[in-house]
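User: I am new to this structure. Please show me how to read it.

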Amino acid sequence: MDTKSADAFRTISEVAEDLDIPQHVLRFWETRFTQIKPLKRGGGRRYYRPDDVALLKGIRRLLYGEGYTIKGLQRILKEQGPRHVQAIGRGAPVGPPGPERASAPATGMQGDAGAVHAMAAYPQEGEPHQEFAPQHSRPVPPEGLDDLTVLSAVLTELGECQRILRSVLAPQPVPDGA
């Protein structure tokens, strides 16, 4: 993206690469944040203006870096406006923590939450709307960790999930006399 002028419009692939998130997450955010309004040309191609990119950077920072929930961020956009979130996307300080932040899990890894958070928040057929679904934040491992270390941590977490699921799904003993 550094070959274009700062005022140039960006495609969804350029913005996704710049923000290090998948394109489908940007499309999902458009459904949750009405302030995101890229220009759409023939064939549905999206073109993001510099202010759109700043807004998306602010959204990413608040959701992934600061731990805000989608509902909390919607409240910020409603009460303080998109210019406030654009300023955050351009590097302005976030401000004091509020109740709209999701509680972060206790883990040894620090850093921004990854696209897994946004994917988990993507509504599936038959699931409750986002505002009623629990918020989960998954930190991305810090740079410098090798893939084997990261995959090992993921495998350990999956094993714990499997153990929990097995304990929940295991047949429960029937008490005597029932």
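We start with the overall fold and then turn to the core and a helix pair.

User: How many helices and strands does the protein have?

Analyst: Remember that this is a predicted model. The protein has seven helices and three strands. Along the sequence, they follow the pattern β-α-α-β-β-α-α-α-α-α.

User: What share of the 178 residues is buried?

Analyst: Buried residues make up 30%. The protein exposes about 11,600 Å², and carbon and sulfur atoms supply 55% of that area.

User: Which residues of the largest nonpolar core touch the most other members?

Analyst: First the general idea. In soluble globular proteins, nonpolar side chains tend to be buried together. Here the largest nonpolar core has 27 residues, and Leu26, Trp29, Phe33, Ile59 and Leu73 touch the most other members. Helices 1, 2, 3, 4 and 5 each supply at least two core residues. Helix 3 gives the largest share, seven residues.

User: What does leucine 26 contact, beyond its neighbours within four places in sequence?

Analyst: Its partners are Ile12, Val15, Ala16, Leu19, Ile21, Tyr48 and Leu56.

User: How are helix 2 and helix 3 oriented to each other?

Analyst: Look at the crossing angle. An angle of 65 to 115 degrees counts as roughly perpendicular. The axes of helix 2 (residues 23-32) and helix 3 (residues 50-65) come within 12 Å and cross at roughly 95 degrees. The two helices are therefore roughly perpendicular.

User: Which residues make the contact?

Analyst: Helix 2 uses Val25, Leu26 and Trp29. Helix 3 uses Leu56, Ile59, Arg60, Leu63 and Tyr64. By class, seven are nonpolar, none is polar and one is charged.

Terms used: Residues numbered from 1 in each chain as written. Predicted model: local features only at pLDDT ≥ 70, side-chain atom pairs only at ≥ 80, totals over all residues. Heavy atoms only, no water. Axes fitted to C-alpha atoms, helices over the stretch in contact; angles between N-to-C directions. Helix = DSSP H or I, 4+ residues; strand = E, 2+ residues; numbered from the N terminus. Parallel < 35°, antiparallel > 145°, perpendicular 65-115°, else oblique. Contact = heavy atoms within 4.5 Å. Nonpolar A, V, L, I, M, F, W, Y, C, P; charged D, E, K, R; others polar. Buried < 20%, exposed > 50% of the residue type's maximum accessible area, 1.4 Å probe, protein only. Areas by Shrake-Rupley, 256 points an atom, 1.4 Å probe, with all protein chains shown as cover. Core = buried A, V, L, I, M, F, W, Y, C linked by side-chain atoms within 4.5 Å.
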